[in-house]
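Please open the model in your viewer and keep the selection panel at hand.

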Amino acid sequence: MVIAAQDLTLAYGDKNIVKKVSLEVGPRTVTALIGPSGCGKSTLLRTFNRMNDFVPSFRLVDGKIMYRDLNVYSGDVDPVFIRRRVGMVFQKPNPFPSSIYKNITWGPSINGYTGDFDQLVESSLRRAALWDEVKDKLNSSGLALSGGQQQRLCIARAIAMDPDVILMDEPCSALDPASTARIEDLIGELRERYTILIVTHNMQQAARVSEHTAFMFQGELIEHAVTKQIFNAPKHKLTEDYIMGRFG
Amino acid sequence: MNTEKPITPETSVREAILDTPFKDNLDRRNFNAKIFNLVILLATCLAMLILGLLLWRIGEQGLPWLNWNFITSFPSRMAARAGIFSALIGSACIIILTGIIAVVLGVSAAIYLEEMSAKNRINQLIELNIANLAGIPSLVYGMLGLAVFVRFLNFGRSIMAAACTLAIMILPVIIISSREALRTVPPSIRLAALALGATKWQTTWHHVLPAAMPGMLTGIILAISRALGEAAPLILVGGVTYIAFLPNSVYDSFTTLPIQIFNWAGRPQEEFQAIAAAGIIVLLGLVLFTNGIAILIRARLEDKNRW
């Protein structure tokens with residue numbers, strides 16, 4: 001187990017968004033979180049590295065999140081440390097308004113990276129399949145890239161930190177099909193090194209990139225299994241209906 | 001990045017990270033964060049403390065003199081009978097007039113510069129000049145007011161001349177803050193309206209302006225508060241300190257709270273110093289009142305349009 005939710009109930013204000021969810025994710029796998037809008041999958045994802053701390057009305061009602069041997073929400077665990085190990089890629093590409101080079105090096109530099117920064121930039125960009133496109137303009141602004149390139153820059157920025165887990169919150173929803181395909185290929189390569197959790201609205205995408213799929217509905221985890229099984233022989237009627245496109 | 005040894009589920013995360021090229025010094029960084037928090041907290045406390053001291057001192061001096069009689073009486077040679085009524089009414093009239101003139105002119109100019117005009121050299125030059133105007137001492141505006149409004153336009157030493165002078169004085173601040181507010185409106189809102197076949201003006205009036213309004217109001221509040229507290233330019237424009245009647249029209253002569261306070265505070269008698277303090281409390285009350293209204297409007301607007 002790398003990261004897990006145990007009997008987790010989450011709320012915004014008085015409204016429970018995630019209800020009694022238990023989910024375990026093993027090392028070096030891609031797990032897709034699917035479900036209709038508002039089912040709590042993004043909220044759940046953002047709990048794994050405590051990004052929900054910045055939502056004032058958020059409350060952890062019950063249960064806990066474990067990251068390896070650390071209880072993520074316990075008082076003696078520093079959220080800064082968690083986020084440094086559990087990286088995140090957001091729905092909309094959000095590169096810093098500075099150079100491509102700086103976008104990659106800022107995280108490692110504030111975290112005391114002692115290695116060679118040029119090397120780090122190259123290897124991160126290579127791993128994010130962006131190196132060939134930007135190697136001649138590392139000093140130009142990250143915002144000057146196309147949407148798909150920006151998102152790959154954000155992934156490169158996340159992996160430059162050498163994270164253990166990467167959380168992706170609908171990383172392709174703002175991208176065109178070609179860019180989406182590139183990011184999906186990239187996720188396939190990244191799984192050899194990192195544990196990836198990806199929230200997606202796109203069922204084909206879940207089927208293509210993930211090894212495990214978790215289906216959520218109205219805050220509850222309905223089914224969590226190997227992706228093939230979820231798509232070919234779902235155990236629950238709800239899962240089947242959703243996958244067949246009968247609702248959501 | 002160059003971790004050769006993979007982290008197994010058995011290794012503790014804290015141990016695992018020791019092998020990486022990241023020396024993340026979390027303790028030192030958290031310590032720095034604490035220091036920084038402490039510094040900004042202290043700065044806030046210091047500012048509040050100084051403000052509190054001022055208020056306390058003024059309250060101690062002025063509160064015993066502050067009563068209904070003080071507010072409803074005209075100025076007098078005797079401190080015990082002197083009141084602030086004409087100054088209060090003068091300030092209120094001038095600030096309403098100033099507000100109307102400055103907001104209409106300032107917001108219009110901001111909309112033109114930000115939404116309508118081409119972004120060219122002339123525009124940049126105007127922008128630079130407006131920013132410079134914001135830094136000119138208020139006395140200079142007083143002299144301008146005296147020359148232009150009192151003499152040239154023949155308003156006389158009147159409420160109208162005073163309001164125009166103050167309006168010109170706060171115009172740069174209003175234009176700059178309004179432009180800033182317009183800039184924070186997401187371009188997607190404009191595009192959405194334009195794509196529905198709206199004219200530029202309809203787009204601005206129905207969508208951009210309402211969205212920018214709360215931000216604009218912040219600048220307007222600050223500017224009007226400043227105008228309310230100004231004495232220097234109004235003394236030049238001709239504020240009188242002894243007015244024993246209420247104005248009938250905007251061309252009547254005037255006095256304002258700051259002028260009255262300035263006058264009282266300069267007198268040698270201790271009583272007058274005390275009623276100056278009482279006047280300051282009234283002025284603070286007026287500023288609080290106008291700001292309160294503006295903040296209320298802003299809060300309602302913010303509730304209405306959020307994205």
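Select α7(B) and α9(B) to begin: their crossing is right-handed (a crossing is right-handed if the near helix is turned clockwise from the far one by less than a right angle, and left-handed if anticlockwise). This is a predicted model, in which local features need pLDDT of at least 70 and side-chain atom pairs count only at pLDDT 80 or more, while totals for chains, interfaces and linings use all residues. Residues are numbered from 1 along each chain as its sequence is written, and chains are lettered from A and ligands numbered from 1 in the order in which they are written.

**The helix pair in chain B**

Helix α9 covers residues 200-229 of chain B, and α7(B) packs against it at an angle of about 150°, the axes being 8 Å apart. Helices here are DSSP runs of H or I with at least four residues, numbered from the N terminus. Axes are lines fitted to C-alpha atoms over the stretch in contact, and angles run from 0 to 180 degrees between N-to-C directions. Because angles over 145 degrees count as roughly antiparallel and those under 35 as roughly parallel, α7(B) is roughly antiparallel to α9(B). Among the residues making the contact are Leu166(B), Met169(B) and Ile170(B) of α7(B), and Ala223(B), Ile224(B) and Ala227(B) of α9(B); two residues are in contact if their C-beta atoms, placed from the backbone, lie within 7 Å.

**Leu166(B)**

Next, select Leu166(B), which is found in helix α7 (residues 159-183) of chain B. Is Leu166(B) buried or exposed? Leu166(B) counts as buried because it has 31 C-beta neighbours inside 10 Å; the cut-off for buried is 20 or more other C-beta atoms within 10 Å of the residue's own. Leaving aside neighbours within four places in sequence, Leu166(B) is in contact with Ile94(B), Thr98(B), Ala227(B), Glu230(B) and Pro233(B).

**Gly145(B)**

Move to Gly145(B), in helix α6 (residues 138-152) of chain B. With 26 C-beta neighbours inside 10 Å, Gly145(B) also counts as buried. Beyond four places in sequence, its contacts include Ala161(B), Cys164(B), Thr165(B) and Pro233(B).

**Helix α11(B)**

Select residues 257-265 of chain B to display helix α11, which is mostly covered, with seven of its nine residues buried. Among these buried residues are Leu257(B), Ile259(B), Ile261(B) and Trp264(B).

**Chain A and the cores**

Turn to chain A and select α6(A) with helix α7 (residues 177-190): the two axes come within 9 Å and cross at roughly 20°. The two helices, α6(A) and α7(A), are therefore roughly parallel to each other. Contributors to the contact include Gln151(A) and Ile155(A) of α6(A), together with Ile183(A) and Leu186(A) of α7(A).

The largest nonpolar core has 70 residues, and Leu33(A), Ala156(A) and Ile166(A) are among those with the most contacts inside it. Helix α6 (residues 147-159) of chain A supplies the largest share of this core, six residues. Apart from it lies another core of 64 residues, including Val173(B) and Leu182(B). A nonpolar core is a set of buried Ala, Val, Leu, Ile, Met, Phe, Trp, Tyr and Cys residues joined through C-beta atoms within 7 Å.

**Confidence**

Finally, colour chain B by pLDDT, the predictor's confidence in each residue from 0 to 100. Chain B averages 83, and 94% of the residues score at least 70. Residues 1-5 of chain B stay under 50. For the complex, the predictor gives an ipTM of 0.72 and a pTM of 0.75.

Note on methods
A residue is buried if 20 or more other C-beta atoms lie within 10 Å of its own, exposed if 12 or fewer, and partly exposed in between; C-beta atoms are placed from the backbone. Angles under 35 degrees count as roughly parallel, over 145 as roughly antiparallel, 65 to 115 as roughly perpendicular and the rest as oblique.
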